[in-house]
Amino acid sequence: MEMPLLEVNDFSLTFRTYERGLREKELTVIRKLNMNIKRSEIVAVVGASGSGKSLLANAILGILPEHVHTNGEIKYKGRVLERREQEKLRGKEICLIPQSVNALDPLMKTGKQVRHSIKKGNRHEIQRSIFRKVGLPIEAGEKYPFELSGGMARRVLAISAFVDNPELIIADEPTPGMDPAALQETISILKQLAGAGKGILFITHDIDTALKLADKVVVFNKGETIEEASVDAFSGTGEKLKHPFTKNLWNSMPQNKFLPIKKITNRDIQGELKAQELCYSYPQGSTLFHELSLTIKPGEIVGLHGYSGSGKTTMAKIIAGYLKPEEGRVIIDGHPSQTRGHSPVQLVWQHPEKAINPRWKLKKVLQESGMENSPLLDELGIKKEWLERWPSELSGGELQRICVARALNKHTKYLIADEMTTMLDTVTQAKIWQVVIKLARERNLGVLAISHDHALLDRISDVIVDFKDISNV
Amino acid sequence: MISNIRSLSLRQRALLTITLSVLFLLSIAIGSFLFGEDELAIQMQNKNSSPSLSHWFGTDWLGRDMFARTVDGLALSLGVGLLASSISVVIALILSLLTMWSEWADRIVTWFIDLFLSVPHLVLLILISFSLGGGFKGVVLGLAFTHWPSLTRILRGEILQMKTAEYVGISKQLGKSKWWVARYHFLPHLIPQLFVGFLLMFPHAILHEASITFLGFGLPAEQPAIGVILSESMRYLSVGMWWLAFFPGLSLLLMVGIFDRLGHSLQKLLDPFQGQKR
């Protein structure tokens, strides 16, 4: 048998935390993890957000925080990885494609950042050819990360990882929010790399992409590997899958059962949220949208489809009152939107960890909008003990539920969900949308669901609008 | 003993450091009350004696016990430093919170910061303390009015960054007032910064106090300030009375260092982000 490139045996990982005062407590995040990657193989590790997937990547690279200790072994090319060896290997033989585009240096031109990771050869030549290969315009190399769209920045991140020909590539959620073309490119690049004999560890919560890309899928939940399945087991209603959790994950996908569609019944309620002829452009001059108009009725779920970098978030911010449009206005139930007081339009952001003050316990976060005792918490599956914790101790999915609960107090009439569940696993996604849809019907809440995921919008919305059609650019 | 200390948890160790530092600082404060006129009195029969068991730090050219003078001097420096840095921190906090009010307020505060930073520190310090009549009050106010700009600039940066944070935007959309946001979002975030700023300022303030006193613009010569002790001892160094400058100087350094340890340990205990690290 061929020796695996990377082998993880009974790996466990524990945090040391302080409960109250001076007592130390151990918090085990990864309990029992087994997997291996051969050359030319793409292995996807799929798990709910917060299940510890990213920590696995950090453990392989040896960049865990200081208060963590690990057990079990990680073998690279048959040898157990020690700290000193990891320092030598990382960035050379083992490379990481990080999760967040914040990993790019905001003050350095992207081309230069890519050139930094090239060790030998004509750096400018190599950088330009790789830009061409992944479909990035050459001028993009002379721009700063904030001048690129999200999808382009992600591609820059990805190529700075594999430009120097590593043996093993760890891709930590490299694809969320990408439009199909960019996604297809990333997938084909990764496949090419695997074809050239590299091993690829693909960490994601997105089963759909994992299935398109990987040779086998390792399902990971609550710190344990539950199942290692080949890609073709994911079909039908998941009869070939062994574990109920895997089946659940598969069936919660918007393409599959997801949730029963309840179309809007009560159409004759007064009032509407109306965006009239909004215009917005960047200071440098490129226009994001022009004379954009959009209407949301109470109780209605409007799906807005568009890809990353198209200006959806800016539009969402304007409608929710965070930004002022250059032209046009937002009218809520017949009145122009006001800047003071509680806004009836609330926005739920894509990244819950940025939308919550890291220095507040979650109880205080909910108290800010008076939701700490609401029955809604139960419906959203928020457990009482979460409220006593710090935001850093909860997963993205758990935090996003808190954000949804915070946004939905009794003054809220319209909810803007900007890629609300993009970072979450399918089970959590289904749960959150179930509650939001139910509330929309019961409370006549108008919802604008913004997403790049057409399958999801198909399932949840009454009307689907394409951003390209209304932005007039 | 060492293995015992190692087995303690991080927080216990931090607590130990804090207790020891506070004890040390307290003993300086209490010590300065214990040494009265007797120890500081002129005893010509003991003059110019080198360190011994009866006079730990030796005596000066008037036979005064240097240990008593050093402790008194440290206590004085401690008082001046604490008072001046506290006033400075309060000034920095108020001005930095003003910057979030409006663009105009921000411009005015930034202008003041630039103004104060553009004048050489020591010159400004001497000017202010002189115009306020010198002495204890002059030195304290002079120190307080010259040490706030760099901290204010740091705090202003923090506030600018936080103003664009998503959770602050959400707070506004939930109908919270500017005061509410400042009180509950900004202030808790600024407190660790204030603390670090206070700590970095403290040694600065003490050393500046000592230096302008050394130059003769600060505290009056009859007070046993470290700066006075050091400047007087300069005249006797050449005749080999090294202990006059060595011990007071070392003690000053020690106190400054202890304040630094104290701050870092407290930060470990208070800050959830620092607290978990080794």
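## A buried aspartate and a nonpolar surface patch

Leu215(B) sits in helix α10 of chain B. Helices (H or I, at least four residues) and strands (E, at least two) are DSSP runs, numbered from the N terminus. This is a predicted model: local features need pLDDT of at least 70, side-chain atom pairs count only at pLDDT 80 or more, and totals for chains, interfaces and linings use all residues. Residues are numbered from 1 along each chain as its sequence is written, and side-chain values use heavy atoms, leaving out hydrogens and water.

Two residues show how exposure is described. Buried means under 20% relative accessible area, exposed over 50%, partly exposed in between (1.4 Å probe, protein chains only).

| Residue | Relative accessible area | State |
|---|---|---|
| Leu215(B) | 48% | partly exposed |
| Asp418(A) | 3% | buried |

**The patch.** Leu215(B) belongs to a nonpolar surface patch with about 1000 Å² of accessible area together. Its other members include Phe130(B), Met234(B) and Trp242(B). Nonpolar side chains (Val, Leu, Ile, Met, Phe, Trp, Tyr) are joined within 5 Å. Accessible areas come from the Shrake-Rupley method with a 1.4 Å probe. The largest share, three residues, comes from α12(B).

**The aspartate.** Asp418(A) lies in strand β17 (residues 414-418) of chain A.

How values were computed: Chains lettered and ligands numbered in written order. Patch = residues over 30% accessible without salt bridge, like charges linked within 9 Å, V, L, I, M, F, W, Y side chains within 5 Å. Salt bridge = Lys/Arg side-chain N within 4 Å of Asp/Glu carboxyl O.
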